[in-house]
Amino acid sequence: MKTFVYIDHFKGEIQPASWEAIGLGKSLGSVSAIVFGSGVDAITKAAFEHGADEVFVADDPALADYRAEPYAATLSALASSHASSSPAAPLSAGPDLILFPTTARTRELAAMSAVDLKTGVLTDISALEANGDELIATRPIYEGKVLEKTICTGKPVMATIRGRAFPKPEPDASKTGTATKVEVKADALTTVEGYSASESAVNLGDAGVIVSGGRGVSNNPSLQPPAGMDEKQVEIWRAQQGFALITELANVLGGAVGASRAAVDGGYIPYSHQVGQTGKVVTPDLYIACGISGAIQHLVGMRNAKLVVAINKDSDAPIFKQARYGVVGDLFQIVPALTEAFRKKLGK
Amino acid sequence: MKIIACIKQVPDSEAKVKAEGGQVTWGDAPLVINPFDEYAVEGALQQKEADGGTVTALCIGPESAREALKHALAMGADDAILISDPAFSELDTIGAARVLAAAINKIGSADMVVFGRQTLDNGAGLTPAQTARVIGWPMLSWAGQIKVEGGSVRVERVIEEGRVTVSAKLPAVISVVQSIGEPRYPSFMGIRKASKATIPVWSLGDLGATAPEAVVKRTELMNPPVADTASEIITGDTPQAIAETLVEKVLAEKVL
């Protein structure tokens with residue numbers, strides 16, 4: 001089977017699940033990596049090192065910023081020009097499968113390219129089985145409360161893979177190759193005018209450790225808020241102090257900060273941190289839930305973590321049913337103590 | 001400004017959704033407007049307030065989906081159209097995009113089509129971009145802020161890495177995220193207006209379209225495996241003692 005893997009990056013920062021997609025493609029046959037952007041030699045090199053048999057590169061100032069239309073048009077042209085080439089040259093034959101890591105960009109890019117190629121997209125897949133020529137993907141529906149097996153009858157099959165669902169190949173610096181240039185379709189309909197980085201880049205999908213906070217982080221009674229705040233401002237101020245403790249623990253563990261819907265709805269933290277809403281199912285090795293009671297959406301979002309620890313004042317909180325270890329207590333005492341204990345043990 | 005807000009009806013987010021006998025079931029949980037689409041209606045109403053014009057709510061679904069459209073009307077949409085056809089039971093995202101594109105063309109002269117970023121049921125999040133591709137309009141995904149200036153629209157896209165400002169000429173398709181602002185509650189007057197509104201139903205025939213054949217098909221439904229978690233509550237005399245015990249247990253699991 002011939003797989004194209006789209007290497008998703010933002011200003012040169014590569015989505016690690018791109019490599020997992022190469023690994024998945026290699027388990028099915030040959031892999032051609034696809035790299036779009038401007039000045040992307042380092043990404044091309046990394047794609048060979050992660051096991052790509054060949055790399056298609058569109059390196060052009062017109063592609064400097066990710067924009068849906070030129071990226072989709074370039075991808076569609078690449079996939080269809082190869083579809084018509086001779087079957088005698090297996091490496092340049094058309095793809096049976098195009099894989100992407102699942103991001104905001106790739107959902108859009110794959111969606112549009114699928115319209116051009118008259119095929120379909122299977123999003124956020126966590127498993128892919130080959131049954132003869134047919135590929136059967138497993139993906140979450142209803143916020144992950146139910147799973148479906150699904151097929152795409154068009155060709156190529158397009159799929160975006162969930163981060164950490166497939167093994168990541170080890171890079172091998174001795175693997176090199178010469179990239180093949182592809183034609184750029186610069187039919188842009190949009191203009192990128194600016195960019196501001198988020199204060200803390202959040203990539204929950206790739207995180208090995210996630211420490212999350214819920215409504216409980218705003219309940220520290222021992223804090224004295226600054227004067228002149230109204231009730232809502234006090235609540236948010238308290239919550240921010242709470243999330244500062246959670247962030248410290250996450251930092252010691254090299255992890256990311258998550259949040260429950262209640263915390264996001266309360267305005268405590270940007271919604272990009274939210275776990276357990278459509279599209280935000282996380283699978284870290286360690287998940288520490290602090291002050292989260294465990295609404296069904298949240299449980300669905302984190303129950304595939306390898307090890308779950310819950311800290312909550314309420315011993316009846318549903319989160320404890322999902323947790324391997326629980327602490328019934330005050331997170332404002334337990335979390336700092338935990339940070340200190342991990343720091344000592346991990347020598348940080 | 002002529003704005004179209006595309007919405008869908010889904011089971012409430014609190015519903016206990018399960019796979020049962022090859023079907024998805026949600027007991028007696030209510031069907032509601034897709035929560036992300038409430039933000040789409042909110043975004044559309046904000047634009048109407050800023051620039052004048054009308055908001056039309058558009059929904060593909062069975063007769064029961066009228067309720068979702070009524071919610072949009074009660075929030076302040078000017079009119080609503082239900083697209084319903086028995087052939088839609090097998091619709092995939094591209095099929096939905098083709099049907100919506102046909103309806104957008106039939107409504108005519110729209111300046112802006114607004115979607116929520118994804119639905120709670122299928123959750124693929126493909127339909128907005130596919131609709132844009134089918135009608136050939138620019139796509140501005142995951143907008144947290146929308147500003148119209150002359151014939152152009154500028155949005156702030158909220159993505160994993162931060163915020164990207166992107167502009168395009170109108171007409172354009174926009175999908176919105178929660179940063180657009182909390183959806184307004186239906187007003188008393190709005191609810192009264194919605195309850196009296198006549199909502200036209202368009203069939204495939206009305207759109208001059210044939211049933212699109214699904215490319216993506218479901219072969220099996222499953223409930224996710226339930227982790228067999230034996231919980232252990234860690235106790236101790238001080239937070240430090242609890243923390244030390246917990247750290248030892250966590251490290252012994254060798255997940256780090």
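This is a predicted model: local features need pLDDT of at least 70, side-chain atom pairs count only at pLDDT 80 or more; totals for chains, interfaces and linings use all residues.
Chain A contains an open sheet of 7 strands. Their order is β7-β11-β6-β1-β4-β5-β12, and the pairing is parallel. The edge strands are β7 (121–125) and β12 (180–181) of chain A, each of which pairs on one side only. Helix α1 (residues 17–28) of chain A packs on this sheet and touches β1 (2–6), β4 (30–37), β6 and β11 of chain A. The direction of this helix makes about 155° with that of β6(A).

Some of the pairings can be followed residue by residue. Strand β6 (residues 97–101) of chain A is joined to strand β11 (residues 157–161) of chain A by 5 bridges, in the parallel sense. Within this chain, T160(A) in β11(A) is the bridge partner of F100(A). β11(A) also pairs with β7(A) in the parallel sense, over 3 bridges. Here M158(A) in β11(A) stands opposite V121(A). Although β7(A) is an edge strand, β7(A) is mostly covered, with 5 of its 5 residues buried.

## A residue in strand β5

F56(A) is found in strand β5 (residues 54–59) of chain A. Is F56(A) buried or exposed? F56(A) counts as buried because 23 C-beta neighbours lie inside 10 Å, and the cut-off for a buried residue is 20 or more.

Leaving aside neighbours within four places in sequence, F56(A) is in contact with S32(A), I34(A), L78(A), T180(A) and V182(A). E129(A) lies elsewhere: F56(A) and E129(A) are 73 residues apart in sequence and 26 Å apart in space, C-alpha to C-alpha.

## Nonpolar cores

In soluble globular proteins, nonpolar side chains tend to be buried together. In this model the largest nonpolar core has 133 residues. Those with the most contacts inside this core are V5(A), I34(A), A159(A), A5(B), A40(B), A57(B) and A72(B). Helix α3 (residues 93–107) of chain B gives the most to this core, with 9 residues.

A159(A) touches L97(A), L99(A), V121(A), L122(A), I125(A), L128(A) and A137(A), when residues up to four places away in sequence are not counted. A second, separate core has 60 residues, including A250(A), L286(A), A289(A) and I311(A).

## Chain B

Chain B has 6 helices and 15 strands. The C-alpha trace of chain B spans about 70 × 45 × 40 Å along its principal axes. Of the 256 residues in chain B, 50% are buried. Among the contacts in chain B with a separation of 6 or more, 68% come from residues 24 or more positions apart.

## Where the chains meet

Strand β18 (residues 325–328) of chain A runs parallel to β15(B), and 2 bridges join them. In β15(B), I233(B) is the bridge partner of G326(A).

Methods. Residues are numbered from 1 along each chain as its sequence is written. Chains are lettered from A and ligands numbered from 1 in the order in which they are written. Two strands pair if DSSP finds at least two bridges between them. Helices (H or I, at least four residues) and strands (E, at least two) are DSSP runs, numbered from the N terminus. Two residues are in contact if their C-beta atoms, placed from the backbone, lie within 7 Å. Axes are lines fitted to C-alpha atoms, for helices over the stretch in contact, and angles run from 0 to 180 degrees between N-to-C directions. A nonpolar core is a set of buried Ala, Val, Leu, Ile, Met, Phe, Trp, Tyr and Cys residues joined through C-beta atoms within 7 Å. A residue is buried if 20 or more other C-beta atoms lie within 10 Å of its own, exposed if 12 or fewer, and partly exposed in between; C-beta atoms are placed from the backbone.
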